[in-house]
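Trainee: I have a model to go through. Can we take it question by question?

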Amino acid sequence: MRSVSVVYLPPDADASCEPPTVLKNNFLTRPFTMLVEMYGLPEYKGYNPTASWQ
């Protein structure tokens, strides 16, 4: 019989793993999302610059 071990780590334990960033915008601000993605996405819990247009 095989045994399985599981190690639970806090989310910030590995700095190389980043959660995905999803920009949720309405139809008026959706074109500005392309500009934000050109320069880089904000951090996971960071400020969404396109949200200020809503």
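Trainee: Where is Gly46 found, and is Gly46 buried or exposed, or in between?
Mentor: This is a predicted model, where local features need pLDDT of at least 70, side-chain atom pairs count only at pLDDT 80 or more, and totals for chains, interfaces and linings use all residues. Residues are numbered from 1 along each chain as its sequence is written, and side-chain values use heavy atoms, without hydrogens and water. Gly46 sits in the segment after helix 1 (helices are DSSP runs of H or I, at least four residues, numbered from the N terminus). Its relative accessible area is 39%, and buried means under 20%, exposed over 50%, with a 1.4 Å probe and protein chains only, so Gly46 is partly exposed.

Trainee: How far apart are the C-alpha atoms of Gly46 and Ser16?
Mentor: Along the chain, Gly46 and Ser16 are 30 residues apart. Their C-alpha atoms are separated by 17 Å.

Trainee: Is Ala15 buried or exposed?
Mentor: Ala15 lies in the segment before helix 1. Its relative accessible area is 72%, so Ala15 is exposed.

Trainee: How far apart in space are Ala15 and Phe32?
Mentor: In sequence, Ala15 and Phe32 are 17 residues apart. C-alpha to C-alpha, the distance is 29 Å.

Trainee: Which helix holds Leu35, and what does Leu35 count as in accessibility?
Mentor: Leu35 belongs to helix 1, residues 30-39. Its relative accessibility is 40%, so Leu35 counts as partly exposed.

Note on methods. Helices (H or I, at least four residues) and strands (E, at least two) are DSSP runs, numbered from the N terminus.
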